Amino acid sequence: VVLSYLNLMVCSLSVSTLTTRFIFPQFSLEGQRVWILGLAPVPLKRMLALKLRLNGSVMALLTSSLILLSSFTISLPWHRILFFVAAMIMLNYGLTPLALALGTLLPNFREQNPAKIVSGFGGTLCLISSFLYILSSIGVLILPAIAELKPDLLGAARLPGGRMQWEFLALSGLALVSLVFGAAPYVFAKRTTKNWSV
């Protein structure tokens with residue numbers, strides 16, 4: 001049980017590193033040309049949505065494949081594999097909009113080196129926010145294991161579905177955490193880009 005959650009945490013930390021390194025500086029790398037994008041017939045908020053869909057889909061595909069392979073390696077049952085794959089996909093769509101939104105809200109148009117952009121205040125904030133999001137998510141996702149090992153602690157005996165019910169509740173909790181850390185900053189970033197394009 002501990003190994004499966006450590007596996008999920010390692011994969012999540014890998015995603016947070018990748019999103020901070022490659023997704024956060026994307027908007028800043030537009031540099032002095034961002035005003036041209038603002039004059040384009042395609043609004044900036046639509047371009048932001050395109051970046052989210054493209055980056056999120058690629059990251060979700062890669063990391064869900066990684067979690068699937070590693071879950072097979074540690075011989076997890078199918079329902080546990082599906083639980084961790086679903087959690088990993090949701091974590092991707094929490095980390096990706098978080099990095100994209102912070103990169104949009106805290107751009108550095110003067111710097112053309114992505115490594116220097118990431119090492120600034122915005123990149124540091126993105127990395128710390130990602131870690132906080134992952135810790136909160138793991139705290140929610142570990143509830144089914146606690147319900148199985150210490151049923152009296154969470155009152156697991158009251159749920160008729162047992163562990164499957166707890167896994168559904170944990171994924172629902174992860175969705176709420178993802179809305180707070182991912183969707184809220186992304187909506188704010190879209191509103192900011194809308195004001196830029198006016």
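Helices α4 and α6 (residues 121-141) pack with their axes 10 Å apart, at an angle of about 155°; axes here are lines fitted to C-alpha atoms, for helices over the stretch in contact, and angles run from 0 to 180 degrees between N-to-C directions. That angle makes α4 roughly antiparallel to α6, given that angles over 145 degrees count as roughly antiparallel, under 35 as roughly parallel, 65 to 115 as roughly perpendicular and the rest as oblique. The crossing of α4 past α6 is right-handed, a crossing being right-handed if the near helix is turned clockwise from the far one by less than a right angle, and left-handed if anticlockwise.

The model is predicted: local features need pLDDT of at least 70 and side-chain atom pairs count only at pLDDT 80 or more, while totals for chains, interfaces and linings use all residues. Residues are numbered from 1 along each chain as its sequence is written, and side-chain values use heavy atoms, with hydrogens and water left out.

The protein has nine helices and zero strands, where helices (H or I, at least four residues) and strands (E, at least two) are DSSP runs numbered from the N terminus. Along the sequence the pattern reads α-α-α-α-α-α-α-α-α. Of the 198 residues, 45% count as buried; buried means under 20% relative accessible area, exposed over 50%, and partly exposed in between, with a 1.4 Å probe and protein chains only.

Helix α1 (residues 2-23) also packs against α6, at an angle of about 160° and with the axes 10 Å apart. Between α1 and α4, the axes come within 10 Å and cross at roughly 25°. These two helices are therefore roughly parallel to each other, and α1 passes α4 in a right-handed crossing.

Cys11 is placed in helix α1 and counts as buried, at 3% relative accessibility. Glu30 is found in the loop between α1 and α2 (34-39), and at 19% relative accessibility Glu30 counts as buried. A C-alpha separation of 9.5 Å was computed for Glu30 and Asn108, which are 78 residues apart along the chain.

By the rule applied, the salt-bridge count comes to one, a salt bridge being a side-chain nitrogen of Lys or Arg within 4 Å of a carboxyl oxygen of Asp or Glu. The pair consists of Arg80 and Glu167, whose side chains meet at 3.0 Å, N to O. Arg80 lies in helix α4 (residues 78-105) and Glu167 in helix α9 (residues 163-197), so the bridge ties together parts that are 87 residues apart in sequence. Both Arg80 and Glu167 are buried.

Helix α4 also holds Met90, which is partly exposed, with a relative accessible area of 24%. The C-alpha atoms of Met90 and Ser178 are separated by 7.4 Å, and the two residues are 88 residues apart along the chain.

On the surface, Leu68, Phe72, Trp78 and Leu82 form a nonpolar patch with about 430 Å² of accessible area together. The elements giving two or more residues to this patch are α3 (44-73) and α4. Patches are made of residues with over 30% relative accessible area and no salt bridge, with like charges joined within 9 Å and nonpolar side chains (Val, Leu, Ile, Met, Phe, Trp, Tyr) within 5 Å. The accessible areas come from the Shrake-Rupley method with a 1.4 Å probe, and for residues only the protein chains shown count as cover. Leu82, located in helix α4, is exposed, with a relative accessible area of 54%.

The loop between α3 and α4 contains Ser75. Phi of Ser75 is near 60°, a positive value in a residue other than glycine. Ser75 is exposed, with a relative accessible area of 59%.
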